[in-house]
Amino acid sequence: MTFLSSIGTVTTPSPRVRALRTSLTGERLEAVRWRKRLWSNARAPFRPSEAGLEVYASCFRGHDAPRSLVLGATPELIDLLVEQRASELTVVDMCQEQWDAIQGFGRADWSSVEWICGDWLEPIASLRGRLDYVCCDGGTLFLEWSKGWRRLFEVAFDSLAPGGVFVTKAQDMTGYGATAREIFDDHVGRFEAARRRAPAAELEHFREMASSLHVALFLGTQRAGSATMDPEPASRRLRQAHGLLRAAYGEARFQPIIDLFFEEMDPAVNPRAVLQAGPPPAQVIPLLESVGFEVEYRPLPPSHAPAPGVCYMLAARRPLH
Ligand SMILES: C[S@@+](CC[C@H](N)C(=O)[O-])C[C@H]1O[C@@H](n2cnc3c(N)ncnc32)[C@H](O)[C@@H]1O
């Protein structure tokens with residue numbers, strides 16, 4: 001029997017073949033497509049804003065050919081460091097699909113980037129004490145407070161050379177007293193004003209509104225006395241917003257964006273989308289200092305999504321001695 005004719009005799013594929021087929025054709029491909037769709041529609045604070053990128057760039061400036069590590073598959077940070085002529089650039093995320101999904105989202109040549117599909121909380125032996133920059137755009141928000149945050153800070157500290165800097169964006173999700181309805185009306189009102197000013201950019205403004213509103217609806221939904229988020233109230237708010245937006249913006253061009261941010265990204269539907277923690281800088285700075293960093297608080301403009309003072313940045317230096 002030839003090899004080709006033998007294929008026809010196999011009726012039950014082995015578990016390995018089944019897994020391979022699924023990974024290439026089914027769930028994996030679907031996961032990559034979904035993440036591509038998310039990344040195409042997401043704006044700040046999911047993705048770094050212009051103002052946030054300016055803070056990263058100001059930290060990287062003045063260092064030629066830095067050795068760098070990006071925690072999270074963030075195209076904008078990879079571009080910034082490639083353009084800074086990083087002599088080494090490693091990107092780590094535990095999700096292979098995320099890395100596959102962001103291919104094509106950069107403007108720079110990523111051919112020299114080293115990709116590691118791995119856990120941020122595991123030190124990389126070859127990087128220990130060698131790096132000039134470690135950066136992470138909001139990745140800590142998906143880690144347990146405070147154990148996961150401390151561990152990430154320790155790993156970052158350990159991989160930096162003396163004088164090296166860890167730059168990160170975080171979100172203070174404490175809330176500012178606004179009700180969910182006020183948050184919703186404020187976002188929709190600003191979207192309506194923006195589309196009156198620039199009708200041609202309507203969909204872009206809608207994406208900005210949806211990205212910001214999704215995150216804003218988590219404000220003030222922490223567990224009592226804790227920085228840890230409670231997914232229940234946020235999930236309820238997202239479902240309400242989904243209904244209201246579908247009723248107000250019934251046109252086909254808005255539907256995929258509404259469904260993506262307010263249904264597919266509902267923690268009850270998609271547990272991977274759950275924000276874990278949103279501590280204020282007053283809790284994060286002492287944690288960084290306890291690991292050994294010297295910390296500089298870098299505020300973002302009040303106009304920054306999703307609401308004034310929510311997103312903030314920290315530049316944490318490993319002391320020279
Ligand atoms: C919704 S995303 C966005 C985070 C960030 N803004 C970025 O640009 O990458 C969260 C990412 O964090 C990754 N992630 C969460 N915990 C991780 C860990 N312990 N190690 C590595 N990646 C992790 C997930 O795989 C996911 O791609």
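The protein chain divides into domain 1, covering 50-168 + 280-301, and domain 2, covering 180-273, with bounds that come from an automatic or database domain assignment. The centres of domain 1 and domain 2, taken over C-alpha atoms, are separated by 28 Å. This is a predicted model, in which local features need pLDDT of at least 70 and side-chain atom pairs count only at pLDDT 80 or more, while totals for chains, interfaces and linings use all residues. Residue numbers start from 1 along each chain, as its sequence is written.

Two packed helices are described by the angle between their axes and the distance between the axes. Here axes are lines fitted to C-alpha atoms, for helices over the stretch in contact, and angles run from 0 to 180 degrees between N-to-C directions. Helices (H or I, at least four residues) and strands (E, at least two) are DSSP runs, numbered from the N terminus.

Helix 8 (residues 180-197) packs against helix 9 (residues 202-216) at an angle of about 165 degrees, and their axes are 9 Å apart. Helix 8 is therefore roughly antiparallel to helix 9, given that angles under 35 degrees count as roughly parallel, over 145 as roughly antiparallel, 65 to 115 as roughly perpendicular and the rest as oblique. The crossing of these two helices, helix 8 and helix 9, is right-handed; a crossing is left-handed if the near helix is turned anticlockwise from the far one by less than a right angle, and right-handed if clockwise. Helix 8 contributes Ile183, Phe184, His187, Arg190, Phe191, Ala194 and Arg195 to the contact, and helix 9 contributes Glu202, His205, Phe206, Met209, Ser212, Leu213 and Ala216, where two residues are in contact if their C-beta atoms, placed from the backbone, lie within 7 Å. By class, this contact of helix 8 with helix 9 has eight nonpolar, three polar and three charged residues, with Ala, Val, Leu, Ile, Met, Phe, Trp, Tyr, Cys and Pro counted as nonpolar, Asp, Glu, Lys and Arg as charged, and the others, Gly among them, as polar.

Helix 10 and helix 11 cross in a left-handed sense, and their contact involves Leu238, Ala241, His242, Leu245 and Arg246 of helix 10 together with Ile258, Phe262 and Glu263 of helix 11.

The axes of helix 7 and helix 12 (residues 281-291) come within 9 Å and cross at roughly 45 degrees, which means that helix 7 is oblique to helix 12. On the side of helix 7 the contact is made by Trp149, Arg150, Phe153, Glu154 and Phe157, and on the side of helix 12 by Leu287, Leu288 and Val291; these residues divide into six nonpolar, no polar and two charged.

Some backbone details remain to be pointed out. Most residues other than glycine have a negative phi, and most peptide bonds are trans. A cis peptide bond, with omega about 0 degrees, joins Trp145 and Ser146, and Ser146 lies in the loop between strand 4 (131-137) and helix 7 (147-159). The peptide bond from Ala305 to Pro306 is cis as well, with omega near 5 degrees. Ala65, a residue other than glycine, has a positive phi near 55 degrees.
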